[in-house]
Amino acid sequence: MILGSMAPRRRWLLLGLVALAAVALIAAGAVVITRLTGDSKPGGAPVAGSPTPSPVATPTPSPSGPPPGADITGPLNLLLVGVDTRVSVPGWEPHADAVLVLHVPKGLGQAYLFSLPRDLLVDIPAFPKADYKGGKTKLTHAMSFGSRVPGKPKQPSTTQGYELLRSTVSGYTGLRIDAGAVLTFNGFDKLVDTLGGVDIYVDQRVASLHRRPDGRYRESAPGGYKGPQQVYEKGNQHLNGWQALDYARQRYITGGDYARQRHQQQLIRALTRKILDEGLARQPDRVDQVTAALGDTLVYAGGPRIVDVAYALGGVPENRFTLVGLPGSGVGKGSAYRGEQLTNDGRKFITELRAGRADAYLAAHPTLVVKN
């Protein structure tokens, strides 16, 4: 089966899974797929964030040959990372503020998306490329420690940081990471605005620590910030780029970082639905517009080609895309906070996921499934 024969909603669901699932990869993959299906001019455009862009020619599918991605049968694991906005500051080391894993079991008939706490205490392996000796610390630091380039203290490498983060996540979960994407929060902001905003159900009242109601940043003050706060009231809301980003970043709220992880996952699903409902695949000019808005804020971090993964995930039904929230708790020594750890239920989910028993486990632990 060639991609052009897929129903439009299924085609865009699979791209939603490839992307931040990393939603940004929806746009990047769309450029490739739109041109593969002949909906735009031949010649193509580079995938957003690709370190060595190359033109994509429109192929002539062969009925007798296998389609792209035919050798991808699963299981497939994608690591999706959102990094701190301050990467725009010269010399700033990227921190992994959002770490999500998309797991597609063997057979590629369903998918699970779960987040790992940024402050999760993990064993980070030694990484000679960055002169890092290894140690037990917060997951977010794997990206920053790995990004350090010996002899170039003011030129951290996000791609190199991703390598260490990938190894760390793989070691913790026991999952082989096949591919991944890194998106700066500025890129996420641009993506939402280019799509015309996003509709989302806000499941609790959230007051912004960082933004005023007009979008300007609040002023720093001793012990925090001062001035009016943007507030996201419970209920159905339409959010623009800065609002969506701001809402998904708040963690000093009821539920802390675990509520933030839930909100990030809900926002990803809302964006996927937005793209599905808009029928973006039939609008090549809009695809180009979205991709251009991303610019270099997206890095596709290796693994199979986007189009191969897209073909391989073509059979994932929309109702088999499950968001999972892993509960955890703080870890400390005396009164000192060290980080987070997953509860037994959270750790057991990962074990059951590896064993192919995730559905049965979630049926017995329905509170782990993220709604809305």
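Where is the place of Arg-218? Arg-218 sits in the loop between strand S8 (206–207) and strand S9 (219–221); strands here are DSSP runs (E) of at least two residues and helices are runs (H or I) of at least four, numbered from the N terminus.

Before I continue, a word on the source. This is a predicted model, in which local features need pLDDT of at least 70 and side-chain atom pairs count only at pLDDT 80 or more, while totals for chains, interfaces and linings use all residues. Residues are numbered from 1 along each chain as its sequence is written, and side-chain values use heavy atoms, with hydrogens and water left out.

Arg-218 is buried yet has no salt bridge, and the nearest side chain of opposite charge, Asp-246, is 9.1 Å away. Buried means under 20% relative accessible area, exposed over 50%, and partly exposed in between, with a 1.4 Å probe and protein chains only. A salt bridge is a side-chain nitrogen of Lys or Arg within 4 Å of a carboxyl oxygen of Asp or Glu. For charge, Lys and Arg count as positive and Asp and Glu as negative, with His and the chain ends not counted. The side chain of Arg-218 does reach backbone oxygens: that of Leu-209 at 3.0 Å, and that of Gly-227, also at 3.0 Å.

Asp-246 brings us to helix H6, where it is among the buried residues. Nine of the nine residues of H6 (residues 241–249) are buried, so the helix is largely enclosed by the rest of the structure. At its start, a side-chain oxygen of Asn-240 comes to within 3.3 Å of the backbone nitrogen of Trp-242.

I turn now to the salt bridges, of which the whole structure holds 13. Asp-97 and Arg-118 form one of them, at 3.1 Å, N to O. This pair links distant parts of the chain, with Asp-97 in strand S2 and Arg-118 in the loop between S3 and strand S4 (121–124), 21 residues apart. Asp-97 is buried at a relative accessible area of 8%, and Arg-118 is buried at 13%.

Asp-203 and Arg-262 form another, at 2.7 Å, N to O. Here Asp-203 lies in the loop between strand S7 (198–202) and S8, and Arg-262 in helix H7, 59 residues apart. Asp-203 is buried at 15% relative accessibility, whereas Arg-262 is partly exposed at 26%. Finally, salt bridges that share partners join Asp-97, Arg-118, Asp-119 and Arg-251 into one network.

Notes
A polar contact is a pair of N or O atoms within 3.5 Å; within protein, one must be able to donate a hydrogen and the other to accept it, and residues adjacent in sequence count only if both atoms are side-chain atoms.
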